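Work through the exercises below with the sequence and the 3D view open. Each task is followed by a solution in steps.

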Amino acid sequence: MNRLLLLAVILLSGPVTAVQDLDRIVAVINDDVIMRSELLEKIRSVSAQMEEQNIPLPPQDILEKQVLDRLIMTRLQIQMAGNTGIRVDDETLNRTISNIARENQLSLNEFREILEGDGYGYENFRKEIRNEILISRLQQRQVDNRVIVTEREIENYLSNQEHQGETDIEFRISHILIAIPEGASTRQVTQARETAEKVLSELQEGADFSSMAATYSDGQQALDGGDLGWRKAGQVPTLFADFIAAMEVGGLSEIIKSPSGYHIIRLQDKRSSEQVVVTQTKARHILVRPDELTTPEDALRRLQQLRMRIAGGDDFAELARAHSADTMSAAEGGDLGWVNPGDLVPEFENVMDTLEPGATSEPFRSQFGFHIVQVLDRREHDSTEDIKRARAREAIRRRKLEEARTDWLRQMRDEAYVEYRLES
């Protein structure tokens, strides 16, 4: 945890009694509420992140509104997750937090000590991570699983890239949205247009884009300075694609109108991608899953026995067909085929990468259960075409997901009862 968070906590927090005196309801969301103490805590966290990214903070009242809107959308999704029966058990939560600690090269105890040393309560952190998992599962069920990318769409995408002659160009884009409410009046539309014109004028005169985004944008990336990150041409929202193609690095678009409001985009940078040659591994595995009848200890014991039989000369493929819980690969004798880096979960890939061809691992655990893996061969492979298709699929899916999630969140917000009480 960055020490900037500690600084933010110290600067923005007062004595406990002061927080208690200030505590009151700042928003009502259906049958739930957001308290001012919760809003202040989130503002502290967001402010620290923005300072770390060198994004100027907007005025306090605007920051409060931006953060409150983010809390409202989070709360609405958590409510829906609860209403649809989505839960996160403690085992999943503990495993996720352990993985976060491991990615930071820390033990769980060290990670907890750093969090608490920076003034961020461990129980609050657990709650945040649980909510993130809940929302991820909700979006997966309500939106993501309904987004399909066809082979025809991939072919059309690649064909369009070839026609444009810029198949390897990626763009980094920043975005400001001045939203128009659903069913807006003529006056509201006019006010939104005037705000957009004011923002564009200030940007053209040299105002900092990230600061203006944090202050004025209603987009989901407002508090990230409006940064949409690096995107291939096909990942650029359709609304912006024609503008981006004609823009120079550092250039601003004109005001772009859509049903959701008025947009301004800036082309931060662009770059070329390169040919991709990867080391592929041909491997096979046996999976044993713990269940009501099989404890983790039983699963390990079974795999250790199978490994001993393989070492003694038994055929790996036959044992995989008879014992592996991965029914798809079991039918092929446990064979996973040639896999690229990143195709498999990290726990599996990390073990596989340590093995020489012909070697069989000790039993190990992943999110799917317990495995043994045997490496059959390795090769250098030009995966440019495969990765090009995979990236095309991902680009199309990401664009469709973004549009679908935006529509879904907007509909959820429109159907909810939300009452602001910031001025109370």
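**Exercise 1. The whole chain**

How much accessible surface does the protein chain have, and what percentage of it belongs to carbon and sulfur atoms?

Solution. The model is a predicted one.
- Step 1: the accessible surface of the protein chain comes to about 23,300 Å².
- Step 2: of that surface, 47% belongs to carbon and sulfur atoms.
- Step 3: for the extent of the chain, take the C-alpha trace, which spans about 80 × 60 × 40 Å along its principal axes.
- Step 4: the chain has 424 residues, and 40% of them count as buried.

**Exercise 2. Elements, contacts and charges**

State how many helices and strands the protein chain has, then describe the sequence range of its contacts and the placing of its charges.

Solution. 
- Step 1: the count is 16 helices and 11 strands.
- Step 2: consider contacts between residues at least 6 apart in sequence; 71% of these join residues at least 24 apart.
- Step 3: there are 52 positive and 73 negative charges, and their mean positions are 3 Å apart.

**Exercise 3. Ala 27**

Is Ala 27 buried or exposed, and which residues does Ala 27 contact beyond its neighbours within four places in sequence?

Solution. 
- Step 1: Ala 27 belongs to strand 1.
- Step 2: the relative accessible area of Ala 27 is 0%; the cut-off for buried is under 20%, so Ala 27 is buried.
- Step 3: with those sequence neighbours set aside, the contacts of Ala 27 are Asp 32, Val 33, Ile 34, Leu 68, Ile 72, Glu 419 and Arg 421.
- Step 4: as a distance check, the C-alpha atoms of Ala 27 and Leu 39 are 9.7 Å apart, at a sequence separation of 12 residues.

**Exercise 4. Strand 7 and its partners**

Solution. 
- Step 1: strand 7 (residues 277-288) and strand 10 (residues 369-382) run antiparallel and are joined by 12 bridges.
- Step 2: Thr 281 has Arg 378 as its bridge partner, and Lys 282 has Asp 377.
- Step 3: strand 7 also pairs with strand 8 (residues 335-339), in the antiparallel sense, over 4 bridges.
- Step 4: in that pairing, Ala 283 stands opposite Gly 337.

**Exercise 5. Burial in helices**

Why can helix 10 be called largely enclosed? Then classify Gln 142 and Glu 41.

Solution. 
- Step 1: helix 10 (residues 209-216) has 8 residues, and 7 of them are buried, so the helix is largely enclosed by the rest of the structure.
- Step 2: the buried residues are Phe 209, Ser 210, Ser 211, Met 212, Ala 213, Ala 214 and Thr 215.
- Step 3: Gln 142 is in helix 7 (residues 122-142). Its relative accessible area of 19% makes Gln 142 buried.
- Step 4: not counting residues up to four places away in sequence, Gln 142 touches Met 80, Thr 84 and Trp 408.
- Step 5: Glu 41 lies in helix 3 (residues 36-52). At a relative accessible area of 28%, Glu 41 is partly exposed.
- Step 6: Glu 41 and Tyr 120 are 79 residues apart along the chain, and their C-alpha atoms are separated by 9.6 Å.

Terms used
Residues numbered from 1 in each chain as written. Predicted model: local features only at pLDDT ≥ 70, side-chain atom pairs only at ≥ 80, totals over all residues. Heavy atoms only, no water. Pairing = 2+ DSSP bridges. Helix = DSSP H or I, 4+ residues; strand = E, 2+ residues; numbered from the N terminus. Buried < 20%, exposed > 50% of the residue type's maximum accessible area, 1.4 Å probe, protein only. Contact = heavy atoms within 4.5 Å. Areas by Shrake-Rupley, 256 points an atom, 1.4 Å probe, with all protein chains shown as cover. Lys, Arg positive; Asp, Glu negative; His and termini not counted. Charge placed at Lys NZ, Arg CZ, Asp CG, Glu CD.
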